[in-house]
Amino acid sequence: MEYLGYRGLVAERLSRLGVGVGDRLRIIRDGRVFEGVLMPREALYGDKPYIVIKLDNGYNIGVRYTGREEIVVVGRRGEKRVKPPEIAQNPKLPHVTLLSTGGTIVSKIDYETGAVKPALSVPELIEWIPEIADIVYLDAREIISVFSEDITPKHWELISREIYREMKNGVNGVVVAHGTDMMAYSAAAIAFAIRNKPVPIVFVGSQRSSDRPSTDSAFNLKAALLTAAQAPFAESVIVMHGETGDTYALAHRGVKARKMHTSRRDAFQSINDKPLAIIYPDRREINVINKIIEHRSKDKEPILENRFDDRVAIVKAYPGFQPEIIDLLVDKGFHGIVLEGSGLGHVTNRAIDSIKRAVEEGVPVVMTSQCLFGRTDLYVYSTGRRLLAAGVIPGSDMLPETAYVKLSWILGSKTRDLREVAKLMTTNIVGEINPRITVSLYPRWPL
Amino acid sequence: MKLDYEELGLKVGLEIHVQLDTRHKLFCNCPTTLVKEDEEDVFIRELRPARSELGEVDPAAILEWRKRKKYEYYAPRSASCLVEADEEPPHELNREALTIALAIAKALNMDIVEEIHVMRKIVIDGSNTTGFQRTAIIALNGYLTVGGKRIGIQTLCLEEDAARKLGEDRDKIKYRLDRLGIPLVEIATAPDIHTPEEAGKVAFRIGQLVRLTGRAKRGLGTIRQDLNVSIRGGAKTEIKGVQHLYLIPLVVEYEVMRQKKLLEIRDELLRRGLKPEDVSGEIYDVSEVFKGTKSKIIRRALSRRDHGVYAIVLKGFKGILGVEVQPGRRFGSELADYARVWGGVGGLFHTDELPGYGISGEEVGKLYEYLGADPGRDAIVLVADHRDKAYEALKAVIGRVREAFKGVPEETRASQIDGTTRYMRPRPGSARMYPETDIPPVEVTGELLREAEKYVPEPPDVLMNRFIEEYGLSRSLAEAVLNDIRVDLFERLVETYRGRVQPSIIASTITNTLKMIRGEGAPIENIRDEHIEETIKLLAEGLIAKEAIPEILKYLAENPDSGAREAAEKLGLTTISLEELDRIIEEVIRENMDAIKRKPNKAFKIVMGRVMGKVRGRIDGRTVAERVKDKINNLLKT
Ligand SMILES: [Zn+2]
C-alpha cells in the first residue's frame, strides 16, 4: 500500500494512525524522542523505512522506522484560510491571454509541508510580478496540464484551437506557457497550424522552477508578455533568456529554435537563422534583428489548419544502422519518416533499398542532418545521389524536429500524395527554411 | 560600566561556522579554494521572493526585494561552474564533507540523524545565486564540557558557504562565486552561556574541536561566529559575522549594555507618560526652513530634483535620542540604521545632536516653530534626500520609535570591528525553509559512521597526556598548546618534523613566541598557519637557527604576503657556516686586540658580545661560545 508517498510497514502504521501531512508527531525509540510535523514522502524513496518530519527549526529529518517505535499524534494541522489577493488591472493596456499547458509559471510554497503548488490566477500572477500590470491587461487560463515530455501531436490540435479562439476574440497577443523540453516542437507546430496570424504567439517557459527566488520564470514571462503585447511581428516564437544573466531575452522563431542545453537559462538557440528580436523587459524595449515574415495586423483573418498525423517518426543515422528499423516502420503502417542523416544528409548505403521500398509504399522519407548547422545536399556524394534516386526528400536547412512537425502537419492537414508532400516540404511556408545562411550564423569560441 | 550578568539574566547561544577543507565543494566538483586572479565570467541577476501558500513572504526577504538591487556575479573559471551559477542542478551531497561533519557530531556527543534531508533556506541578499542556502541537519542534542560546565549543543548542520561580497554600488551588489558552495559546519549551542567570557571560551573550544579533525580550513574568514544574546525583559538578538574570537566577549558585553539601555529608555518613556499611539505618523516637508543653510548635506539635497528635507516630530522625546546605548552609539544611531536599511538614505539628523553638522541654532529654532513643536519637550528627526527614499526612511524610523515602548525589538544585527553592532534586518520568520528536491536524502549507514571514525578528534586529556609523555613538553607548555587554537597545527608540525625539530620548540613558537612579539607590537593577527609552518621548515632544514624565529615571524606579521624564506633572507638570518663564523670571530679579535690585551680576563665577554651582535639568529649560540672560547684560549696561550 502507499500512504502519503510512504510504502510498506511505514505506510501501514501511518494510515492506521490516521495522520495527515502537517500533523504533529512524537516518535519515541529507546529513549530517543523526535518531535515534528509529518512530511509527505517523495515516491522514489518511498520504500526506504524512514518517516520524514519537520522539526520546529524548519529542518526535515528522516527517522528510521523499525516497528519498535512509539508514535504519538500530539497535534493536528490547523485549517488555513487563503485569501486571494486583490489586484486592479488597466483595461486600456493591450489585452494578452496566457494559456498554460502545465508546469508552474508561478508557484506557491507551503512551508509547512514543503509542497510546491502552481498558482495561475491573474491576481496571483500579478501579486508575484507586479510589473505585469504595467505591460498588459492579462487573462490567464490552463488549457491542459501535461509534462512537456508527454506532449503529443494531439495536444497541438487543442493548443492551436485555443489560440485561434483567442485571436478571433481580438486579443493583442497570446502567450503559451509550456515546459521547455518539447517547447520548440510545439512552437513549430503552432507556426504551421495557424497561418495569416494577426498577432504574435509567444511560447515561454522556465529552466529554474518558479518556487526559487532565482527563477527565470518571472523575467521570461515579462519578456513574453511584452512581446505578445507590442512586437510588430505575428509569428510563433519562443521567448526565453538570451544569456545567463537577467538582462535580455531573445525571441526565436519557433521553426528555427532548438533547446541546446539541458539546464542553462539561455538553453534555446536559433539554428541557421538569427533570432527574430532582442527583448529588454525592464526598458520595455523590443529590437527586431531579423526579417519579419508575418507582420502584426488586426485586419488579418487567421486560418486554422490544425490536423497533425501522429504516425511520423524520426530516425537517426549512426554507424551500424540497421535498415530493418525503416522496414519495421513501414510494416507498422507509419505515414512518414524523417531521417537525421550524417553530414550533408546521408545514411548507410545498406539502408537504401529499405528507403526505396518505403517511398514505393507511399511513405515520404525526409532527409535532415544531425549536424544541425548547415544545409543538406544530396548531390555532392554518390550516397546522396542514390538516396535522391530512391525518393528521399531533402530537408534543406530545416532542423530535424521542425521537419518532423512539418511532415506531421502536411500529412494531417494537407495531403498524403507523395509529390505534393515533397513540394510542400521543400517550400518555405513560415520561415522554417532559410534560403541564405550567412557566415555569421554559426557559434564561435571567443579568442 | 560593570554589569552583573547573573542579575541581568544574560543568555548567550553561539552559532559557529567553520569551513571544511574538502577536495571539492558540497554540491559540485569545483575545488574549495579562493582565487586571487583568474579568468572570470560576469553576469547580472535578480531575485524574487517566492510566495508562501498563505500569501506570506518572509519579512527579511521582502526587505531585500524592496531594495530592488541587482546582483553582479563574478564566476572565476577555476573555482566555479554551472552549479554555482545556478545553471545546473546541484550534484549529490559531498560524502567527504558529510563524513567530517559526522565525526564532529560524534565528538560533540550528538544524536546523529538517520536520514539526512537537504533543505533550502531562503536568503535573498544575493549571496547565494539560487536565492537560498542549501543546508542539512546532521545531528541533534549534544553537549560539550567547558571549564567543568556542560554546554548544550542543539544542532550541527552541514551547509554551503555563500558567495564573497566584493562591493556595492547604487543599484547592484557584486559577489565572487569562488566561496559559494564550500562546505561549512554550523554548530549551534543552547543558550547555556551566562557571561561574555564564557561565550569566548565556548567559541574557542568548538573552533578548536573542529580544527582537530584535521579537515578544517585555516586563515581569515574560515571561522565565523554568530551570537544570540538576550537579557531578562529584552529580546533575542542575532548578531552576525563576528570575525575574531577575541571580539566575542566584547560584543556580548556591548549587546547587554544596549538591551539594558533600551529597557531604561522604555521605562523613561513610560515615566514621561508617553504611549506608542502618541507617535504621529505624519511626515513633513521642511525644506523651506533650510533655504539659506550652511549644511553641505542639506544644500546638496535641496539642489536636486524631487529632493528635500523631511521631518517627523517625536512628541515628548527630547533627550531620548541622545542616550548612549553602546560606546559611540546613541539611540539616534539605532534610528539612523533603520533609515539607512529601509530607505536607502545616507543617514539622519535629530535635534538631540543639533545645532551641529552645519545646521545652526537659529535653524533649529525655526524648525520647532515651523512644526509647532516644543523645543523643551519634543525631538525632531530630519532626513535630507529624495522624497520617496526620505519617506521610506522616516516611516521605518517611526516604526522603530514605536517599538521603543516595548523595549528591545527582535533584530538581526551586524557585528562591527569595534565590538558594537548595527541593525541589519528584521529577524527572519520561520517560513523560510523547504526541501531541496534536487538532492536525494542520504541514509546514514554503519559504513558512513565507520568512515567518520578516522576524523573524530581526540579529547583534550588524551592530547595532554601525549604532549607530556610522548613529546616531552612541560606541563605548562602542554597546557598552553592545548589552550591555543593552533593545537592541530602543532600536532601536524610535530608529526612532519619529528626528529629534526624538538616538539618544545614548535610548541613555544606557536604559543610564547607569538605572544612575545605581540607584546612588541607586531600585528600577529596577520600570521597565518603557513607562515609558522614555513618557518619551522626552515629550521628543520638547518637554514635558520631557532633564535631567528621571532624576527622572522615579526617580519611576516608586518609583511604577510611574503614567505618565511624571503623574510629570513631579507633579515640576513640564514645560517652561516662554521668557516664563516671563524672568519667573523677572527675579525672581531683583530679589531679588539688592544682591549683584549688590556683585560685578558674579560676577553671572552668582549669578543662573544660583538660576535653575537653579528651572527645572532643565524647560528646556535652554544656553537658560537665554543668557538670563541677556543680562539681566545689559543690567542692567550701565544
Ligand atoms: Zn562548481
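Biologist: What share of the 447 residues in chain A is buried?

Modeller: "Buried" means under 20% relative accessible area, exposed is over 50%, and partly exposed lies in between (1.4 Å probe, protein chains only). In chain A, 57% of the 447 residues are buried. Keep in mind that this is a predicted model: local features need pLDDT of at least 70, side-chain atom pairs count only at pLDDT 80 or more, and totals for chains, interfaces and linings use all residues. Residues are numbered from 1 along each chain as written, chains are lettered from A, and side-chain values use heavy atoms, without hydrogens or water.

Biologist: Which domains does the assignment give for chain A?

Modeller: Domain bounds come from an automatic or database domain assignment. For chain A that gives domain 1 (2–75), domain 2 (95–304) and domain 3 (312–425). The C-alpha centres of domain 1 and domain 3 of chain A are 56 Å apart.

Biologist: And how many helices and strands does chain A have?

Modeller: Helices (H or I, at least four residues) and strands (E, at least two) are DSSP runs, numbered from the N terminus. Chain A has eleven helices and 25 strands.

Biologist: Over to chain B: where does B:Lys599 lie?

Modeller: In the loop between α19 (593–598) and α20 (603–615) of chain B. B:Lys599 is partly exposed, at 48% relative accessible area.

Biologist: What separates the centres of domain 2 and domain 4 of chain B?

Modeller: Chain B is assigned four stretches, including domain 2 (276–404) and domain 4 (578–637). The C-alpha centres of those domains lie 76 Å apart.
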